[in-house]
Amino acid sequence: MRNSRAALAAALLSVSTLHAFAQTATPEAIVAFVEAYPAATAKLEKIPRWEYAICPTTVGLAPAYAKFINDRVKKVAADAGPPVDPDPNCNSNIDIVFTTTPQGLMDGIRQKNPVYLGYYDSSSQADEMAKVLHPIQSWYTTETRDVRGKPLIDSRNTRTTSGAIGSGSVNSTGSHLNDGLRSAFYHAVIVADPSRLADHEVGALADQIAMLALSQPASRTVCHGLPSIANLTTPNCGKPQTALTKSDAAYLAGLYKPSLGGNLQGQKTAIAFQMRAVLN
């Protein structure tokens with residue numbers, strides 16, 4: 001990463017508005033993006049989103065860069081819809097870590113806080129999940145919320161968000177189309193290795209981090225057909241976008257649309273509908 005004042009100034013300018021590009025967002029391309037991009041939770045098989053007010057904290061960079069990334073995540077969130085914690089001393093629920101020893105960091109999380117890896121069924125699966133494979137990689141702790149708003153962390157040992165062991169029972173509507181259950185983020189860890197990111201400006205990295213902070217990708221090896229910051233550090237995807245695109249903003253708007261609910265396919269249909277309304 002180019003750590004110069006000029007680079008930061010350029011980044012601030014480049015992310016002041018959405019990246020301009022010419023695109024043809026056909027209905028087929030939009031559906032393909034919505035089918036390929038989001039991950040569904042293992043417990044509920046629904047697309048998670050933030051219901052808690054987000055509080056990003058960036059470490060491992062000079063204070064000016066850390067603040068820039070935190071502010072960018074908050075700005076993208078404010079535009080998309082999830083709540084943002086205004087308290088500068090809030091308890092972080094999005095940990096953004098820049099380190100040249102990412103595997104050591106994740107080994108420590110695997111040993112001491114494995115719940116931050118996300119849901120796993122076995123120790124061997126947790127070991128695989130802790131492996132660092134990409135220059136920027138993210139892990140998500142999710143929870144299931146029932147019709148009464150009761151949250152239970154998605155874990156083999158189901159816990160409430162206060163840490164107490166939960167009964168594992170949830171209240172639903174009983175409908176197959178919309179059972180009243182929803183998936184939400186509880187915590188996210190985003191790890192970036194600056195030694196593998198030297199060719200990217202801080203503005204582009206901040207926008208990819210913002211996309212990862214607010215949405216969970218199913219894969220970090222897929223090249224998406226619509227222009228997307230998600231392709232920034234994915235190999236062999238052609239010339240990358242260098243800022244959040246209109247497609248990305250449209251996806252986040254659909255994800256955080258207040259009425260989004262129902263089963264997985266219903267969620268994808270609602271997101272695609274919102275994207276078509278924004279892009280065409």
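**Entry 1: salt bridges**

I began with E128, which forms a salt bridge with K131, the closest N and O atoms being 2.8 Å apart. I took a salt bridge to be a side-chain nitrogen of Lys or Arg within 4 Å of a carboxyl oxygen of Asp or Glu. I noted that E128 is partly exposed at a relative accessible area of 48%, and that K131 is partly exposed at 37%. For these words I used under 20% relative accessible area for buried, over 50% for exposed and partly exposed in between, with a 1.4 Å probe and protein chains only.

Before going on, I wrote down that this is a predicted model, in which local features need pLDDT of at least 70 and side-chain atom pairs count only at pLDDT 80 or more, while totals for chains, interfaces and linings use all residues. Residues are numbered from 1 along each chain as its sequence is written, and side-chain values use heavy atoms, with hydrogens and water left out.

Salt bridges that share partners join E51, E143, R145 and R182 into one network. By the salt-bridge rule I reached a count of nine. One of them connects R182 with E51, where the closest N and O atoms are 2.6 Å apart; this pair links distant parts of the chain, since R182 is in strand β6 and E51 is in the loop between α2 and β1, 131 residues apart. Helices (H or I, at least four residues) and strands (E, at least two) are DSSP runs, numbered from the N terminus. R182 is partly exposed at 31%, and E51 is partly exposed at 25%.

I also looked up D79 and K75, whose side chains meet in a salt bridge of 2.6 Å, N to O. Because D79 and K75 are four residues apart in helix α3, about one helical turn separates them. Here D79 is exposed at 56%, whereas K75 is partly exposed at 42%.

**Entry 2: strand β3**

Next I turned to E143, which I found in strand β3 (residues 136–145). Is E143 buried or exposed? E143 is buried, with a relative accessible area of 0%. The side chain of E143 makes a polar contact with the side chain of R145 at 2.8 Å; a polar contact is a pair of N or O atoms within 3.5 Å, where within protein one must be able to donate a hydrogen and the other to accept it, and residues adjacent in sequence count only if both atoms are side-chain atoms.

Ten of the ten residues of β3 are buried, so the strand is largely enclosed by the rest of the structure. In a regular strand the side chains alternate between the two faces of the sheet. I checked both faces of β3 and found them covered, with I136, S138, Y140, T142 and T144 buried on one side and Q137, W139, T141, E143 and R145 buried on the other.

Which strands pair with β3? β3 and β6 pair in the antiparallel sense over ten bridges, with Y140 opposite A188 in β6. β3 and strand β4 (residues 151–153) also pair in the antiparallel sense, over three bridges, with E143 opposite I153 in β4. Two strands count as paired if DSSP finds at least two bridges between them.

**Entry 3: aromatic rings**

I then looked at the rings, where those of Phe, Tyr and Trp (its six-membered ring) pair if their centres lie within 6.5 Å, and where planes under 30 degrees apart count as stacked, over 60 as edge-to-face and the rest as tilted. By this rule I counted six aromatic pairs. The rings of Y37 and Y251 have centres 5.2 Å apart and planes at 75°, so this pair is edge-to-face.

The charged end of R145 sits over the ring of Y52, 4.5 Å from its centre; the rule asks for NZ of Lys or CZ of Arg within 6 Å of the ring centre and within 35 degrees of the ring normal.

**Entry 4: disulfides**

Last, I searched the whole structure and found two disulfides, taking as the rule a pair of cysteine sulfur atoms within 2.5 Å. In C223 and C237 the sulfur atoms are 1.9 Å apart, and their link is left-handed, with -90° about the S-S bond.
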